[in-house]
Amino acid sequence: MEEKKARLFSAVQPSGIPTIANYIGAIKNWVALQDSYECIYSIADLHTLTVRQVPAQLRQRTVELLALYLACGVDPNKSVMFVQSHVPQHAELAWILNTITYPGELARMTQYKDKSQRHADNVNMGLMDYPVLMAADILLYNAEVVPVGKDQKQHLEIARDLAVRFNNRYSPTFAVPEGIIPKVGANVMSLQDPMHKMSKSDANENAFISMADDKDTIIRKFKRAVTDSENSISFDENRPGISNLMTIYSVFTGLSFAEIESKFAGVGYGQFKIEVGEAVADLVCKIDAKKKEYLADKGYLEGVMAEGREKAYYMASKMLNKVYKKVGLYIPERKK
Ligand code: TRP
């Protein structure tokens with residue numbers, strides 16, 4: 001008999017066009033994980049509302065993100081793919097979890113503190129409550145495994161704490177999720193300031209490669225990438241610029257650092273940057289072309305959304321009912 005696969009949950013916010021850092025750190029791994037786990041991949045639109053959005057743009061970015069998941073190889077026949085707001089149990093479980101969460105543990109979150117500064121004109125309760133909604137996403141499906149970038153580790157800790165707290169206060173209910181951090185590429189840095197993470201919200205567009213950049217743009221951005229004055233291609237923590245380019249090249253070509261070093265022995269930064277740009281452009285443009293094909297078929301995309309919603313809703317409503325019962329909410333006979 002086939003062994004039951006562990007359940008895995010992850011999500012990306014439709015808050016902008018993903019960068020190659022999002023691709024490498026999240027979506028690329030999702031594709032590989034589909035065969036080893038029972039995967040549930042969400043589009044975290046409710047999270048996105050914690051900072052100001054242009055409504056029409058958020059709507060468009062939601063379908064675009066779904067098209068991107070598909071173009072990258074997330075397969076609706078293997079994994080459940082759905083839009084967070086289509087399954088109301090996420091918001092409902094977040095409310096229950098709020099009642100066992102302390103303001104102090106949310107106020108000390110690094111991301112909350114960062115975002116409160118960056119969006120000082122819009123510090124809202126949602127921004128503070130963000131990790132609780134994220135905990136609800138994960139716990140609702142009894143996910144045992146959550147692939148997350150380093151920046152989300154603290155949030156995963158809260159999800160674990162809340163699972164344990166709920167289980168202790170009531171009775172064993174939630175699986176306590178484990179985080180897995182992808183080995184390579186978990187840390188793609190800014191092309192302009194390699195001491196900082198590559199981010200789609202960077203004010204300097206040369207700092208990141210978006211998954212919708214065209215070939216010329218990609219190559220131009222790599223040509224301008226900040227390196228150092230040594231001009232030799234080798235991996236060295238004290239030279240974060242060239243090391244970042246090597247990391248990116250390694251992920252896009254499958255070559256190891258040693259292989260890259262020998263391939264480019266005696267070659268200067270200028271030539272290497274162009275080759276990195278070409279390797280990245282090859283794949284990014286291929287994915288973008290596929291994404292556009294999916295976007296042209298709205299009927300198909302809506303079908304994928306509806307199917308994902310149905311599967312997620314079934315699992316989520318079973319779990320939420322269980323939770324409501326445990327905390328003492330009255331469940332009418334017909335809903336049991
Ligand atoms: N907060 C995550 C991010 O911005 C996205 C996210 C929402 C998520 N819910 C999640 C990730 C649940 C993992 C599990 O990267």
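Predicted model: local features only at pLDDT ≥ 70, side-chain atom pairs only at ≥ 80, totals over all residues.
View 1. Start with tyrosine 130: one of its polar side-chain atoms sits 2.6 Å from a nitrogen atom of the ligand. Now look for aspartate 137, where a side-chain N or O atom is 2.7 Å from a ligand nitrogen. Glutamine 13 also takes part, with an N or O atom of its side chain 3.3 Å from an oxygen atom of the ligand. On its own the ligand has 360 Å² of accessible area, and the protein covers 88% of that.

**View 2. The shell of residues around the ligand.** Here you can find Phe9, Ser10, Ala11, Gln13, Ala44, His47, Tyr130, Met134, Asp137, Ile138, Val146 and Gln152. Sorted by class, seven of the shell residues are nonpolar, four are polar and one is charged. Two elements, β1 (7-12) and α7 (125-139), each supply two or more residues to the shell. The largest share, four residues, belongs to α7.

**View 3. The largest nonpolar core.** This core holds 56 residues. Those with the most contacts inside the core are Ile20, Tyr69, Phe222, Ile248, Phe252, Phe272 and Val280. Helix α3 (residues 55-72) gives the core its largest share, nine residues.

**View 4. Valine 280 and the residues it touches.** Leaving aside residues up to four places away in sequence, valine 280 is in contact with Ile20, Ile209, Ile218, Phe222, Ile248 and Phe252.

Definitions and conventions. Residues numbered from 1 in each chain as written. Heavy atoms only, no water. Core = buried A, V, L, I, M, F, W, Y, C linked by side-chain atoms within 4.5 Å. Buried < 20%, exposed > 50% of the residue type's maximum accessible area, 1.4 Å probe, protein only. Contact = heavy atoms within 4.5 Å. Near = heavy atom within 4 Å. Polar contact = N/O pair within 3.5 Å; in protein donor to acceptor, adjacent residues only side chain to side chain. Areas by Shrake-Rupley, 256 points an atom, 1.4 Å probe, with all protein chains shown as cover. Nonpolar A, V, L, I, M, F, W, Y, C, P; charged D, E, K, R; others polar.
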